[in-house]
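Please look through the structure below with its sequence at hand.

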Amino acid sequence: MIEDNVKTITLDSPDKPADEDTLLEVRGLRTEFRTTRGRVAAVRDVSFNIRRGQRLAIVGESGSGKSAMAMSIVGLIQPPGRVTGGEILLNGTDLRGMTDRELSAVRGSRISLVFQDPMSAFDPIRTIGAQLVESIRAHQPVSNRVARRQAADLLGEVGVANAANRLADYPHQYSGGMRQRVLIAMALANSPELVIADEPTTALDVTTQAQVLEMLDRLVTDRGAALMLITHNLGIVAGFCDSVKVMYAGQLIEESDSRALFASAAHPYSRELLKCVLRTDRRQEGLLSTIPGTLPDPTEAFQGCSFEPRCPLGKGNATCQSVEPSLHTVQGPQGIQLAKCHFAGQHELKENQ
Amino acid sequence: MVAVAAESPIAVSRRRIVKGDRVLVAALSGLAVIAVAVVVGPWLWHYDSNAVDLAAQLSPPSIDHPLGTDNLGRDLLARVLLGAQTSLGAGLVVVLAGAVLGSVTGLLAGALGGVVDSVLTWLTNSILCFPSIMLAMAVVMALKPGIPAVVIGLSIHSFPWYMRTIRGEVMRIAAQDFVKSTNAIGATQMRILFRHIFPHLVSTIVLQMAAVFGAAVLSLAAMGFLGMGAQPPTAELGAMITEGQQFFLTGQWWLVAFPGLVLLVAVTLTTIIADRARELLDPRGEYIVAD
Amino acid sequence: MIKMILKRFGLAAATILGASLFSFFLLRKLPGDPARLIGGDLADEQTIATLRQTMGLDQPFPLQFWNYLSSSLHGDLGFSYSTGQSVGTLVQTRLPATVELGMSGVFTAVVLATVFGAVAVYRKKRGADILLRAASSLAMGSPPFWLALVAILLLSVNLGIFPGPEGRLSPGIAPPPTFTGFYTLDALKSGQFGTFFDAVRHLILPAFTIAVGPFAFLSRLFRSQLRNTLREPFIVVARSRGLTRGSVFLHHAVPNSLLSLIAVTAMLVAEAMTGSVLVEKVFGWPGVGSLTVDAILQKDFSVVQGVILLSAALYVTVSFLADVVYSAVDPRIRAGVK
Amino acid sequence: MTRHKPPRGPIWHRTALGVTLVLFATAASACSNSGATGSAAASRPFTVNWAANITSLDPAFTCPGDENSFASNFYGRLVKLSTREISPGVTAAVPDPSKVEPDFATKWDVSDGGKTYTFTLQPGKKFANGDPLDAAAVKYSIERTVKMGACGATSLQLGLTKPALISSVEAPDPTTVVLRLTQAYPGILYSLAQSRGSIYDPKEIEANGGVQPNTPNQWLQSHTASSSGPYVLAEYVPGNHATLERNPNYYGTPALEPTVRVNFTTSVPTLQVQAQSGEADVTLGLPPQAVNNLSTQSCCKVVTAESPTPVTVSMNYQGPLTDNAKFREALTYAVPYSDIIKKVAYGYGDSYYGPVIPGMAGYNQALEPARSFDPGKAKQLLAESGVSSPTLDLMINPTTPGVSEIATLLQSAWQQIGVTVNIDAKPPADFTTLFNQGKYQSALLYENSIPIGAYELRKKLTCDSASNNQHICIPGTMPLLDQLNNTADPAAQQPIIDALVHKWLENSPTIILYRAQFTAVVRPNVKHFAYAPNFRLADWSR
């Protein structure tokens, strides 16, 4: 069923200029955290575009900077984090130049977020209805009654039975899956142009995951919104997104059409991720441990390729240790792929390299 | 989001102190100055705190008497120094007595459990239902007005907190593996308590002592103010404020102002130090409410 | 549920029993002879002996305690020799003054702590926060009786803004008819606005002095609670829904943080009696606090006993009420009750 | 060293001194808030602020002077003290039994060699509640006071309780009371004029507990047995205030003020502030320093009168240490009397030395000159006494204003002659008990005496008497006292009194620091004020 949604698309290269179709354009985004041990870059020089209606997946291990990037886009990176460079253009307007009040008008209305943990995403002492109404009225000049009706409709739409009555319930009276649905309803309440979903199903059991994803898919399609799905589970991406960007240590290291990626990943890290999916294909917990090694210590300046210590291909290679790779274009079997790897697209190292 | 290698809180705090928490350093040095002045001052200052000199009755602050004199011509600086010694010293005794009493009962309740635990818990609950001054006043009434009775009353009121904390900690730690293994080797229970469990609690106890020291000093002064603490002619800050009260309103403001200011400064400094220390040692829970 | 309530009740009763046993024991260990105190200086031995008998002092200790308990339960708290009234009547006339003062004090503290705590955390510049922490440290360190004296000197004697230490009303003003015993409320109820303003004028300084300690405590607690709440995921979520920083702060962060103040505030209400002992003494406030001080100096032990019992009961009741309020306000607990 | 004068004129003059830590700014204006309350002052009742701790309203039971003073306003008595004007608008009572005037009794006859008094009463009078005020009530009242066996009985009979001075009271008709004594004793008229001679309504008392021998009546501690006096107790909040209203049924001259409010507060600042702001018409019980300060201000004037209130150090005659007469005498020469009067009493006091207070019946000025401050003599006496490095416990009640100051002063003065003083501060209740039971080595206190020399001498010198808490027992005094008890005529009493005073002086049992003057701070608009051992509020007015 998901197959139907996958269209053939052309890959967005960062070099490709923004056109009318471009919804969000991120250029050279850099986010740093100030810690007791100095500055830590969580997002390092990330650039990409999202077109209207596009479904983009950002994939990477936890700690790779995916969430920091998402929060940076909407200006909600929490101290000690701070966006230190780059541009975030929504329909050509730079969000970084906006005041907090202007940004508030964008958040929840033109860009919405769906969060990972539905258990802690709600104010525990206010009713679901109140929180929904609050979201609606923050952006639409409607009366409380109208907003309430809209809220009930939304709840119905995300599959909450007896929606009108359940508005008066408190968050703890909803199950986890239901809360995630409400969270999605809330994100879509003001018909956003872009929905950023940060691991929206991680906390749910497998059956619910599928249902929620299906619903998200439907609602996004209905509203013609673009979707940026952040996940570490490549398995979800497969049938769901048009293109995939793989993130590692704060950088986008591979960008490709999702079909191309699954057919043949250009970056060794992507391949490792794919292997995990193929191997386990069940739950995510096992995933991380199956890539040997851990993320590099972000406080230490990199030299060379950040994936080098864990790379099955380039580990110990002199080039990899000393030169930071640039983004290489690879012509894969399914189209063009970009990978930040000296050996992009290669599956085996040639002797002389 | 970004993983920073875990570092022990103690190490963090050490580094922060070395790097210089300016407020903490300032407060510590302020308190050190007061402590030195209070301990050495009465001995160095050339006036005797009890030397009556009616010719100099109620002199305002001057070079000869930096803080002025009282209604009997006694040098106020000498009296304030001695008064602070009494107040702060007694505060220290309250805090120590509370900690010792609380530690012992807490260890007993936690280690022995059962009836001992129930009785001690009941007793402390009962004690905690009067405000500290009310309890101190009751003890004063049963014994006699004076610092000893007040110290006893305040110590009784302060020990339940230590007891509860330590009791809880003992029960928690006793359930942990390393204690179990020690037990298997055959160490006696008391040995386990004092060699293994107690050291874990020291920082908690010290923090609480620092936090309640100020309150103890203020309660002592309050009892002095009510005429139930230090008795004349003992110099004690609270009692001095009472003695000066009547003169305060007829223009001799220094009699009330200086003892009060010394109290204010000393207690504020200890409060700041206790706060900072707590934040440094326990960066997560910025504020722990004692029950 | 019923079992829970019963258990709580039992616990409360045990606590009060413990408190009264403790104080009874303490006070019966008095070196002085209560009969001698009551009999007066020139009373002869016959008088003293008669008194000892009527007061039951010749009975064994446990029996005395039992008698005391049973008469307390019947509402008879004994007779105050130093004022010539029954302790019950005394407390009845004195308690409203203390409660009015204590409540006003704690209420002031809560309002100030909430407002200042919120502002300090909300302001991005650290100045406000540093100011609050400095203010609360100072407040924590200031002796209330001293503060009261300074306030009287500056604001009432020098500037004449507030009345002097003369109790609840100006000398010429008659108290309003009693409904609650709170002069402010009673005056309003009976429409005596002059009396109302006078009562409020008299209440302000003592209430502020009482508020100082609780303010210090609450403002710190509220500040740290607020900072913790602001780190909760739902705050970021609310922001992501497009609520402004101020609106999230006001509608989500503050209410959630206030919850944590309930239990502590309740304890402070009970503790306000402590503060009031001193402040009542300074301001000439005719409350339970000054009654207690006088009773202790006069060794009027039935009064002290009565006040201790009262304060234990107050403490237990207030903590019970705090639980009730908490569960009424916090939907999570409310649901648990259902 | 500079000598600092207490500030004169408006006190709240510039005391702006930033001393290292905080700036204490004190702005100008003396009675600045009197404007705010000025209008209220006219409408409010006559207000008396009184630093007294009233524990009982029953004059038949209670001991302290303040309590008797307050309670006496609700009751009439057979006779009253005569008064003399001491300054315009201010009168003082004359404590002389021979000058006692008629009050409820219009006249009286003394017969049976001074042992029977027959009083003729005003006819047809009523208590405030309408009950008949007659001879039966007088009989009931006096009998009750005697039967209760408390302070009232002792004072009423001037200490002559064994055997009781009053042998019977008879009421042959409603306007005649016959009082029979066991011995001739004219002083009885003085005590009948005091609170102890109060007339209560028998019906009220019988309805509220009646008379139980040796037992205080709890109800009467906070209520009055109707009122036979100038005022009715309209409202009473113990420890706080009382409202007195004019008794319409009063047999005598009606009270000058229709309503009097008495505020009881022992807080000196409160009293000071209210005196300054004019919120109190009369302030009683302020310490001398405050009185002195207020006397310089426009808000107030100070009324002074001689009163039988010496400030003394009582020493236990039985010792230890204080049983040494030379030691006691040494101490009396080591007291800086004039310093105490000037710097502690602020001039509101004077010096004398002897058991009979100046102005009292029986006082002989020639016998009781003040002792001087003579450390040399004191040292010499101390050496003669044979005690070495003596340490004296001085018991005080620090809640009485000024007491700890004097104690500290004595401690410092006696240190100069080599006597170490331990100040032993006791709470009021303990102090009173220990003092009255004579369980102390030495005790510093403000005494409140009955201004009759014979009474005071008997009280203080009778060996083994309960009221002789100093345990003084001087050989040869008992026969003299017996003689005194049986001598009714004041002139005949004098030689005996003089002999007793001699014995007392030889032994120096008590150190008399000074005699404190009675002081009251009154508003300038107070037109009538009267001093008496029992304050008669009825004679005070604006």
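In this predicted model, C:Arg241 forms a salt bridge with A:Glu134, and the closest N and O atoms of the pair are 3.3 Å apart; a salt bridge here is a side-chain nitrogen of Lys or Arg within 4 Å of a carboxyl oxygen of Asp or Glu. Between chain A and chain C the count is two salt bridges, and A:Asp100 forms one with C:Arg239, where the closest N and O atoms are 2.9 Å apart. A:Asp100 lies in helix H2 of chain A and C:Arg239 in helix H10 (residues 233-240) of chain C, so this pair joins two chains; helices (H or I, at least four residues) and strands (E, at least two) are DSSP runs, numbered from the N terminus. A:Asp100 is partly exposed, with a relative accessible area of 27%, whereas C:Arg239, at 11%, counts as buried, given that buried means under 20% relative accessible area, exposed over 50%, and partly exposed in between (1.4 Å probe, protein chains only).

Residues are numbered from 1 along each chain as its sequence is written, while chains are lettered from A and ligands numbered from 1 in the order in which they are written. Local features need pLDDT of at least 70 and side-chain atom pairs count only at pLDDT 80 or more, whereas totals for chains, interfaces and linings use all residues, and side-chain values use heavy atoms, with hydrogens and water left out.

How many residues of chain A and of chain C are in contact? On chain A there are 26, and they meet 21 residues of chain C, where contact means heavy atoms within 4.5 Å. The area buried between these two chains is about 2,100 Å², of which carbon and sulfur atoms give 60%; buried area is the accessible area (1.4 Å probe) that two parts lose on being put together, summed over both.

Turning to chain D, five of the five residues of strand S3 (residues 46-50) are buried, so this strand is largely enclosed by the rest of the structure. Both of its faces are covered, with D:Phe46, D:Val48 and D:Trp50 on one side and D:Thr47 and D:Asn49 on the other. S3(D) pairs in the parallel sense with strand S16 (residues 259-264) of chain D over five bridges, and with strand S17 (residues 282-284) of chain D, also in the parallel sense, over three bridges; two strands pair if DSSP finds at least two bridges between them. D:Val48 has D:Val262 as its bridge partner in S16(D), and D:Asn49 has D:Thr283 in S17(D).

Chain D also holds salt bridges, among them one in which the side chains of D:Arg542 and D:Glu257 meet (4.0 Å, N to O). D:Arg542 lies in the segment after strand S26 (529-531) of chain D and D:Glu257 in the loop between strand S15 (241-246) and S16, so the pair ties together parts that are 285 residues apart in sequence. D:Arg542 counts as partly exposed at 24% relative accessibility, and D:Glu257 as buried at 9%. The side chains of D:Glu306 and D:Arg515 meet in a salt bridge as well (3.4 Å, N to O), and D:Arg515 counts as buried at 4% relative accessibility. Salt bridges that share partners join D:Arg44, D:Glu257, D:Asp281, D:Arg523 and D:Arg542 into one network.
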